[in-house]
Amino acid sequence: MQAEVVEFEAAKTGELAQAVYEHPWVVRFTHWVNAVALFVLVGSGLQIFRAFPSFGAKIPEKDLLNWPKSFALGGWLAGGLQWHLTFMWIYIATGLFYIGYQTFSGHYRQVLVVPSDVRGVWPMIKHYFFFGAKPPDTQAYNPLQKLAYTSAIVLGVLSVWTGLVIWKPVQFAWLAWPIGGFQLARLWHFLVMWAIVLFVVGHLVMVVLHGWNNFMSMLTGWKKDPEYISVSPRSET
Amino acid sequence: MDESKFKRIKRRELLKLTPVVAFGAFAIPNLRTPLLKAGLGFSDWASAKLFRPGHLAVEFPDAELTPFEKFPINGYDVDDPGVIFENWTLTVTGAVQKPGDYTLAQIQALPRKRQNTRHVCVEGWDVIGRFGGTPLYEFLKLVGADPTAKFISVQCADDYYESLDMATAIHPQTLLCYEMYDQPLTREHGAPVRLTVPTKIGYKHAKYLTDLKVSHVLERGGYWEDQGYSSFYGL
């Protein structure tokens with residue numbers, strides 16, 4: 001897969017700069033639609049959880065936590081369900097659109113973590129958490145980034161899987177077996193949700209740390225002067 | 001290329017994302033209500049498509065039953081609406097050949113089915129209970145229900161009301177239930193007759209039935225449905 005690269009002349013300085021088309025439209029579109037859908041699904045999911053904040057028996061009921069109403073969407077259980085059952089279709093549709101596009105365009109190579117990335121994961125963790133030297137970027141996403149994004153996709157699939165078991169335990173009974181049965185599905189769904197929330201928090205911290213050029217690339221698709229492409233010698237111009 | 005041309009390219013790419021702004025409609029109260037109603041409607045439509053008439057809900061061995069005393073009593077209002085058993089009949093109306101009042105003895109004369117099935121509440125909990133009664137399709141045969149009718153509606157002694165699509169009503173595990181755990185229904189659990197529908201969410205399992213109507217058009221969905229809950233909610 002060859003990334004599209006353009007070279008342009010900065011208007012003020014006259015210096016040559018380069019930009020790479022990192023994120024095709026489908027990736028950006030599904031990213032933002034899913035960002036909205038995830039926000040709604042987490043908010044309404046917590047509203048649904050409030051109706052029975054436990055994972056055990058109804059009698060005797062042992063509540064796990066009393067999630068505040070102000071941090072839940074929909075006002076009451078029916079409202080939460082309306083949001084959840086509406087946006088789950090948007091979430092599933094964009095998920096399928098994204099995975100289908102990535103698979104058939106070959107663009108998945110940018111994001112899917114592969115065995116050769118494993119070596120590069122620890123140096124990135126050292127860099128971010130223990131102030132180690134920054135390993136050079138050789139591709140659009142570094143190995144840790146690829147691991148995080150691949151995990152997020154897997155979590156997305158798991159959220160739909162566990163959700164379908166909760167929604168349709170009779171028609172989709174066959175989906176319940178691999179996750180340990182219907183009664184565990186609700187717990188899995190809850191844990192997968194928190195894992196996704198954790199990913200989003202980490203993701204947002206990274207977005208802030210990496211600045212405007214990086215952020216804008218998810219809106220326009222183009223990233224200016226990424227480290228991994230060789231910049232043409234500017235002194236010659 | 002010069003920078004202004006590159007900026008135009010970037011602007012065009014940014015504009016291609018504008019459809020995402022359409023989600024803002026959900027922030028406007030006047031649009032939100034119909035949008036969510038449509039979303040729930042789509043979900044119900046998909047639910048009806050996914051329903052398989054011949055597919056049975058899992059039936060469990062006796063060892064997995066939730067003890068009777070741990071089977072929640074989830075009346076919406078009172079646990080006992082004070083049904084007088086001696087006078088009780090099920091009043092049948094609508095698209096049937098033999099409308100009228102049917103006694104418990106007439107219902108119990110029909111074939112009996114006992115099943116250990118899961119009762120799933122919309123709140124998120126579930127129990128496995130043992131239910132006995134006559135399949136609703138047997139009763140519908142008895143009253144001569146119009147096979148082309150689309151809905152079954154029931155009225156309860158406590159003003160609760162419910163409805164089922166015909167495909168679910170004639171599902172082999174849908175019961176006019178008069179027994180739980182091999183004993184006659186207790187008052188809190190809906191005596192003398194309630195619905196048991198293992199392919200539907202709990203609020204469809206109406207208790208203390210008094211009236212049953214077969215119809216081509218649905219006049220009222222159900223007590224919870226009419227307040228915003230899913231009207232199909234098949235499991």
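Q: Axes are lines fitted to C-alpha atoms, for helices over the stretch in contact, and angles run from 0 to 180 degrees between N-to-C directions. With that in hand, why are α4(A) and α6(A) called roughly antiparallel?
A: The axes of helix α4 (residues 143-167) and helix α6 (residues 182-220) of chain A come within 9 Å and cross at roughly 150 degrees. Angles over 145 degrees count as roughly antiparallel, under 35 as roughly parallel, 65 to 115 as roughly perpendicular and the rest as oblique. Therefore α4(A) is roughly antiparallel to α6(A). The crossing is also left-handed, a term for a near helix turned anticlockwise from the far one by less than a right angle, whereas clockwise would be right-handed.

Q: Which ground rules sit behind these values?
A: The model is predicted: local features need pLDDT of at least 70 and side-chain atom pairs count only at pLDDT 80 or more, while totals for chains, interfaces and linings use all residues. Residues are numbered from 1 along each chain as its sequence is written, and chains are lettered from A and ligands numbered from 1 in the order in which they are written.

Q: How do you know which residues of α4(A) and α6(A) meet?
A: Two residues are in contact if their C-beta atoms, placed from the backbone, lie within 7 Å. On the α4(A) side these include Ala148(A), Leu155(A) and Ile166(A), and on the α6(A) side they include Phe182(A), Trp188(A) and Phe199(A). The contact residues comprise 14 nonpolar, six polar and one charged. Here Ala, Val, Leu, Ile, Met, Phe, Trp, Tyr, Cys and Pro count as nonpolar, Asp, Glu, Lys and Arg as charged, and the others, Gly among them, as polar.

Q: How many residues touch across chains A and B?
A: There are 37 residues of chain A in contact with 38 residues of chain B. On the chain A side, α2(A) gives the most, with nine residues. That side divides into 26 nonpolar, six polar and five charged residues.

Q: Why do β2 and β6 of chain B count as edge strands?
A: Strands pair if DSSP finds at least two bridges between them. The open sheet of five strands in chain B has the order β2-β1-β10-β5-β6, with mixed pairing. β2 (100-102) and β6 (161-165) each have a single partner strand, so one side of each is left without a neighbour in the sheet. The twist averages 20 degrees from one strand to the next.

Q: What makes β5(B) and β6(B) a pair?
A: Five bridges join them, and they run antiparallel; Phe151(B) has Asp165(B) as its bridge partner. The two strands form a hairpin with four residues between them, and Asp159(B) in the turn has a positive phi of about 75 degrees.

Q: Is β6(B) mostly covered or mostly open, and how do you know?
A: A residue is buried if 20 or more other C-beta atoms lie within 10 Å of its own, exposed if 12 or fewer, and partly exposed in between. Five of the five residues of β6(B) are buried, and the strand is mostly covered. Tyr161(B), Ser163(B) and Asp165(B) point one way, Glu162(B) and Leu164(B) the other.
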